[in-house]
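Please open the model in a viewer and keep the selection panel at hand.

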Amino acid sequence: MADGLSVFLVEDEALIRMMMADMVAELGHHVVAEADNVRDACAFAMTAQYDFAILDINLMGLYVDPVADLIERRGKPFLFATGYGPELLPSLLRRRPILRKPISLDQLKAMIDTLFPGAIGRLPH
């Protein structure tokens, strides 16, 4: 993992998506696929090559659970990044990690470290 982890990023707000992609890069990882809607996210969930996914819960008024289900079927880890709480998720997805927006670099790093102990990542000094 010398080049860090590959990330699939699903977020419907362009500025937030860009900010999160920058944070992923700052931590030494890279975004390999991005989606801002459920349809595109479902396609990438099944075809993109990534180590884990970061999913917003609400994409343009639609819940992301079909995307999460596809990622889970592939056996890939994922976390939710949202301003909402877990109560909006189907009960089987409520056990997944959730980062509350606004997300800090430290919070994202801690979550990635939890999902991938020993993964290469860095915080700027």
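Which residues of the largest nonpolar core touch the most other members? In this predicted model, they are F8, V10, L55, V67, I71, F78 and F80, within a core of 21 residues.

Next, colour the elements that give two or more residues to this core: β1 (6-10), β2 (30-35), α2 (38-47), β3 (52-55), α3 (65-73) and β6 (78-82). Of these, α3 gives the most, with four residues.

Now select L55 and display its surroundings. Leaving aside neighbours within four places in sequence, L55 is in contact with V10, V64, V67, A68, I71, F78, L79, F80 and A81. Apart from this core lies another, of 19 residues, which includes F52, L99, L108 and M111.

Proceed to the pair α2 and α3. Their axes lie 9 Å apart, and the packing angle is about 0°; the two helices are therefore roughly parallel to each other. To view the contact, select V38, A41, C42, A45 and M46 on α2, together with P66, V67, L70 and I71 on α3. By class, this contact has nine nonpolar residues, with no polar and no charged ones.

Finally, select helix α4 (residues 105-115), where L105, L108, M111 and I112 are buried. These four lie on the same side of α4, because they cover an arc of only 130° around the axis. An α-helix has 3.6 residues a turn, so residues three or four places apart point the same way.

Terms used: Residues numbered from 1 in each chain as written. Predicted model: local features only at pLDDT ≥ 70, side-chain atom pairs only at ≥ 80, totals over all residues. Heavy atoms only, no water. Core = buried A, V, L, I, M, F, W, Y, C linked by side-chain atoms within 4.5 Å. Buried < 20%, exposed > 50% of the residue type's maximum accessible area, 1.4 Å probe, protein only. Contact = heavy atoms within 4.5 Å. Arc of directions from axis to C-beta. Axes fitted to C-alpha atoms, helices over the stretch in contact; angles between N-to-C directions. Parallel < 35°, antiparallel > 145°, perpendicular 65-115°, else oblique. Nonpolar A, V, L, I, M, F, W, Y, C, P; charged D, E, K, R; others polar.
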